[in-house]
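Have the view open as you read, and take the points in order.

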Amino acid sequence: MSTFNPFADFPATDDPAVSNVVNLAVRRVARDLFWSGWKITAIADYIGEKRSTVETWKQRERWGEADATDRIDAALEQRMRVLIAKENKDGKDFKEIDLLGREVERFHRIRARAARANGESAGESAGSAGRDTTRAAGRKSRRNAISEEQSQKLISAVRDSLIGHQHVWYANRAMRRRNILKSRQIGATFYFAHEALARALETGYNQIFLSASRAQAHVFRAYIQKFAWQAAEVELTGDPIILPNGASLIFLGTSSRTAQSYNGDLYFDEYFWVSNFATLNKVAQGMATHKHLRMTHFSTGSTTTHEAYSFWTGAHYNKGRAEKDRVEIDVSHTSLARGLICPDGQWRHMVTVEDAVAAGFDKLDVDELRQHNSPADFANLYMCDFVDDTASVFPFDAMKACFADSWVEWDDVKPLEARPYGLRPVWVGYDPALTGDAAGCVVIAPPSKPNGEFRVLERHRWHGMDFEAQAESIRTITQQYNVTDITIDATGIGHGVYQLVRQFFPRTRALQYSPEVKTRLILKGLSVIGKGRLKFDASMTDLVQSFMSIRRSMTASGTRLTYTAPRSEDTGHADLAWACLHALDNEPLEGAQRARSTVEFF
């Protein structure tokens with residue numbers, strides 16, 4: 001094997017700077033050969049150095065510890081040097097140089113991000129001509145590393161990002177117990193995610209996020225990760241997220257298997273929409289038993305029959321107490337609009353959509369919301385009124401039996417993969433959009449055995465889409481799932497969507513609505529839900545509201561019973577519920593039966 005000399009034509013010199021450059025070039029060649037699979041002895045023979053010298057370079061510069069990113073980065077730079085040194089370049093060379101340059105830039109951004117997490121400068125991580133580049137790359141950066149400067153920047157960013165009513169929450173963040181009844185879509189989850197991060201950085205106390213399901217709890221996690229990166233270029237990973245000061249950000253569903261054995265500040269999200277609230281709340285409050293910890297309950301209102309209603313009104317506090325120890329709590333908007341410390345020790349705050357907008361929250365148009373919702377729905381969804389669901393065909397007490405924690409219980413569903421349910425069959429129910437309404441689409445996994453459980457894998461509400469766009473959205477679902485049945489309400493305006501879907505899914509079933517068809521759908525829904533056969537993630541509160549909005553009524557002639565739902569911006573015309581009932585209709589009303597043999601023996 002001939003000896004390699006990268007500077008064979010370079011004039012001899014005693015200049016130390018030149019010697020350093022030559023030595024660095026030789027070391028880089030040796031390193032690249034090692035990463036290409038060469039043995040140390042072969043490398044030493046090729047470059048004309050002693051084996052012990054090459055072995056020293058390998059140990060000192062930690063060639064063997066470099067990860068794939070370092071090796072690819074080095075290969076890119078090596079190829080760039082070859083192309084740049086080429087005398088006569090053609091168009092292909094220039095294109096490759098441009099591509100390699102963009103890739104090198106991307107890898108340097110990755111390296112700079114790792115350097116920030118490790119408290120180094122980008123130059124220290126990337127190295128220079130006079131320093132070893134792989135030594136810094138060989139170090140293991142600390143996960144979720146946050147410098148003191150970044151920590152202060154995050155804490156300040158929380159304060160600087162407050163909008164309207166959030167200033168009230170921030171000013172009362174030191175309250176031991178907070179209980180907040182709020183309008184929809186006023187940034188509560190967004191705000192409390194940021195508040196908790198700042199609290200963890202300031203105190204080192206754990207922050208616990210308790211939601212109806214793990215999927216809903218991870219909305220907090222996503223907000224925290226995005227905020228940390230945007231505000232201070234801090235990359236937070238892990239579940240739980242563990243900060244350098246020892247504080248953990250813990251994201252839990254309401255399963256009894258996970259909602260216990262933790263200690264820290266508690267944030268209980270949408271507590272009016274969880275089942276078995278009384279029992280769960282005892283466990284939840286136990287997490288923040290120590291006097292230095294805080295607990296915050298916040299939610300939109302559901303029904304007056306929910307277990308949490310007495311927690312809001314204070315009736316739970318009076319239970320079992322002597323007459324002289326009971327308290328009266330005024331939970332009217334007049335009393336709680338500015339926040340109030342109540343006799344039971346809770347700081348209560350009621351924030352309607354009008355309160356939020358008046359305080360400076362400019363992301364909602366109250367007049368538009370009022371126009372597109374019935375008075376009853378507007379009052380419930382945005383004005384903190386509770387619903388009396390006694391007239392509902394599907395009251396909340398019935399629907400809560402459908403709640404599941406899909407991340408924990410459904411290990412065969414992978415929502416982040418290209419095919420979330422593999423090749424197993426699904427059914428699709430669709431309720432087309434009317435003027436000013438939203439289209440509802442539900443993807444259901446049918447039972448794997450007769451009279452087993454139906455599981456809602458996805459639900460969608462599509463606004464302002466024409467027939468072609470609605471049909472194309474359904475086509476996308478058929479590309480992600482093994483769809484074996486699609487059922488569409490083809491009455492009136494739905495006929496156009498039905499005709500388009502039939503072109504790529506000929507087996508599509510059409511429903512022509514009538515009082516008899518509606519009755520059949522409702523009876524099937526009552527049967528499936530009543531037997532505990534319908535399950536969906538507990539975070540799907542819009543699906544619950546959609547079912548709850550269905551009421552019994554009479555036809556225009558007043559002679560026949562039918563079913564209707566008031567139209568609203570959030571629940572539509574009960575579109576998600578009807579879409580779900582359409583899919584369930586693929587199973588006979590009496591339920592699936594095992595196939596019976598037709599063979600007779602004599």
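1. Let's begin at one residue. Ser-473 sits in helix α21, which covers residues 467-480. Is Ser-473 buried or exposed? Its relative accessibility is 18%, and buried means under 20%, so Ser-473 counts as buried. Leaving aside residues up to four places away in sequence, Ser-473 touches Trp-462 and Met-465. Do keep in mind that this is a predicted model.

2. Now step back to the whole chain. The protein chain has 25 helices and 17 strands. Of its 602 residues, 47% are buried. Contacts can also be sorted by how far apart the partners lie in sequence: among those between residues at least 6 apart, 68% join residues at least 24 apart.

3. Next, please look at the largest pocket. Its volume is about 1,500 Å³. The lining is made up of 45 residues, and those nearest the centre of the pocket are Ala-215, Gln-216, Val-219, Arg-459 and Ser-539. Several elements give two or more residues to this lining: α10 (188-203), α11 (214-232), α20 (406-409), β12 (454-463) and α24 (541-548).

4. Which element gives the most to the lining of the largest pocket? That is β12, with six residues. Sorted by class, the lining has 21 nonpolar residues, 11 polar ones and 13 charged ones.

5. A pair of helices comes next. Helix α23 (residues 515-530) packs against helix α25 (residues 575-584) at an angle of about 85 degrees, and their axes are 9 Å apart. Angles of 65 to 115 degrees count as roughly perpendicular, and α23 and α25 are therefore roughly perpendicular to each other.

6. Which residues in α23 and α25 meet? From α23 come Lys-518, Leu-521, Ile-522, Lys-524, Gly-525 and Val-528, while α25 brings Trp-578, Leu-581, His-582 and Leu-584. By class, this contact of α23 with α25 has six nonpolar, two polar and two charged residues.

7. Stay with α25 for a moment. This helix is mostly covered, with 10 of its 10 residues buried. Among them are Trp-578, Leu-581, His-582 and Leu-584, the residues of α25 that meet α23. The buried residues of α25 also include Asp-575, Ala-577 and Cys-580.

8. Some backbone details deserve a look too. Where is there a cis peptide bond? One joins Asp-239 and Pro-240, with omega at about 5 degrees. Pro-240 belongs to the loop between α11 and β3 (241-242), and α11 was named above among the elements that line the largest pocket.

9. Arg-62 is not a glycine, yet its phi is positive, at about 55 degrees. You will find Arg-62 in the loop between α3 (51-61) and α4 (68-85). With 34% relative accessibility, Arg-62 counts as partly exposed. Asn-144, also not a glycine, has a positive phi of about 60 degrees. Its place is the loop between α7 (133-138) and α8 (148-160). Is Asn-144 buried or exposed? Asn-144 is buried, as its relative accessible area is 3%.

Conventions: Residues are numbered from 1 along each chain as its sequence is written. This is a predicted model: local features need pLDDT of at least 70, side-chain atom pairs count only at pLDDT 80 or more; totals for chains, interfaces and linings use all residues. Side-chain values use heavy atoms; hydrogens and water are left out. On a 1 Å grid over the protein atoms alone, a cavity is a set of points where a 1.4 Å probe fits but cannot get out, and a pocket is an open set with protein on both sides within 12 Å along at least five of seven lines; lining residues have an atom within 4 Å of a point. Grid points are joined across faces, edges and corners, and a volume is the space filled by probe spheres set on the points. Helices (H or I, at least four residues) and strands (E, at least two) are DSSP runs, numbered from the N terminus. Ala, Val, Leu, Ile, Met, Phe, Trp, Tyr, Cys and Pro count as nonpolar, Asp, Glu, Lys and Arg as charged, and the others, Gly among them, as polar. Axes are lines fitted to C-alpha atoms, for helices over the stretch in contact, and angles run from 0 to 180 degrees between N-to-C directions. Angles under 35 degrees count as roughly parallel, over 145 as roughly antiparallel, 65 to 115 as roughly perpendicular and the rest as oblique. Contact means heavy atoms within 4.5 Å. Buried means under 20% relative accessible area, exposed over 50%, partly exposed in between (1.4 Å probe, protein chains only).
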